[in-house]
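Hi there,

Here is the structure I promised to pass on to you. Have a look at it first, and then read my notes below.

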Amino acid sequence: MSDTNTALDCLIIGSGPAGYTAAIYAARADMNPVMYTGMEPGGQLTTTTEVDNFPGYPNGTDGTAMMEDLKNQATRFGTDVRFGIATKVDLSKEIGGIHKVYVSDGAEEQEVLAKTVIISTGASAKYLGLESEQRLIGGGVSACATCDGFFYKGQDVIVVGGGDTAAEEATYLAKLCRKVTMLVRKDEMRASKAMQHRVNGTKNLEVLYNTELDEVLGGMVVEGVRIVNNQTQEKRELEVTGVFIAIGHKPNTDMFKGVLDMDETGYLITGAKSTKTNIPGVFAAGDVQDKEYRQAITAAGTGCMAALDAERYLASVEDMIEA
C-alpha cells in the first residue's frame with residue numbers, strides 16, 4: 001500500500017551524518033522530509049566509541065551520542081524519522097516524475113511516493129569475518145585510521161591489507177604510532193609503486209608478506225594478534241593494541257544496480273560539484289558516492305548539498321508547472 005495518497009516532497013533513505021544533515025536542511029526549507037534509517041540507525045559512526053575530529057565537540061564525543069544529537073536536531077525541525085529498510089525502487093526518469101520506494105519495517109512492506117529522494121545509505125567496511133575481530137570492533141579493531149589513529153599515539157598497531165588504502169593508512173599511522181606492521185597476504189603489494197615507495201621509506205613501518213591475521217587476542221580490548229604465514233603455516237603472536245582492517249569498502253547500492261549510474265565498485269556517480277544522479281530528483285550523499293575521503297564531516301557536507309539540490313529541483317519543477 002502507499003504511504004500517503006500524495007507524494008512526499010523529500011524522502012531520505014539512510015541515516016548517518018549525510019542523512020541527518022540532509023534532513024536538517026530539508027526540514028528547515030519546509031520540505032517536510034521523511035527519513036528511513038536503514039538497518040543501522042546512525043550509520044558506521046555508531047560503532048565508534050570516540051569521535052575526536054568532528055567540529056563542535058572540543059572534548060570529543062561518543063559516535064552513538066553524536067548521531068543521537070544529529071537525529072534530535074533533525075527532528076526538532078520537523079523531520080519524520082522512521083525505522084525501515086528500503087528494499088527496492090522504481091525511479092521515474094521524467095523531470096517532475098514521482099519516485100516509488102518500497103520500505104520494510106520487518107513486518108510489512110509499503111510503497112512510499114516521493115518527488116525527491118536523497119540516498120545516504122553509506123558504505124560498509126569490509127572485514128575478514130573472524131569472530132574475535134567482530135567482537136573487538138570499537139575495542140581496538142577499526143576500519144578507519146584517520147578516524148581512530150589518534151588514540152594509538154606511541155603504541156604498536158597492525159594494518160591488514162596490501163592496496164593503496166592500506167598503504168595510505170599505514171603511513172598515516174606511522175606518524176603517530178611507535179611501530180606499524182602491515183600484513184600482506186600475497187608476496188607483493190597491490191598498491192601503486194608510489195605508495196610502495198612511501199611504505200618502504202618509512203622507518204617504523206614493517207611489511208610482512210604472505211601473512212594473514214589468524215586471531216585477534218584480548219578480552220574487552222585488543223591485547224595482541226596471532227598471525228600466520230600462509231606459505232609455511234607458521235604462527236606467531238605480536239603484542240599490539242590496535243588492528244586496522246584496510247581491505248576496502250562496499251557501498252550499499254545493490255538495490256540501485258541497473259537504475260542509477262555507478263562505478264565498477266558500486267559507488268553512485270554524481271555530477272560535478274553536485275549530488276545529482278543520472279535520474280532527475282534523485283540525489284546521493286555521503287559514503288555512498290564518496291570513495292575518496294569517507295569522513296563524517298565530508299558526508300555531512302554532501303548531505304547539506306543534497307538537500308539544497310533537492311530544494312532547487314522542486315522549485316524548478318514548480319516553475320515549469322506554473323509556466
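This is a predicted model: local features need pLDDT of at least 70, side-chain atom pairs count only at pLDDT 80 or more; totals for chains, interfaces and linings use all residues.

Residues are numbered from 1 along each chain as its sequence is written, and side-chain values use heavy atoms, without hydrogens and water.

The domains are 8–124 + 249–322 for domain 1 and 127–245 for domain 2; these bounds come from an automatic or database domain assignment. Their centres, taken over C-alpha atoms, are 32 Å apart. Nine residues of domain 1 are in contact with 10 of domain 2 (contact means heavy atoms within 4.5 Å). Together the domains bury about 680 Å², which is the accessible area (1.4 Å probe) lost on putting the two parts together, summed over both. Of the area that domain 1 buries against domain 2, 41% is supplied by Glu 50, Asp 52 and Gln 295.

Across the whole structure, 11 salt bridges turn up. One of them joins Lys 115 and Asp 9, with the closest N and O atoms 3.2 Å apart.

Now for the second largest pocket. A pocket here is an open set of points on a 1 Å grid over the protein atoms alone, where a 1.4 Å probe fits, with protein on both sides within 12 Å along at least five of seven lines; lining residues have an atom within 4 Å of a point. This one is lined by 16 residues, and those nearest its centre are Leu 128, Val 160, Gly 161, Arg 185 and Ile 247.

Happy exploring!

Key:
A salt bridge is a side-chain nitrogen of Lys or Arg within 4 Å of a carboxyl oxygen of Asp or Glu.
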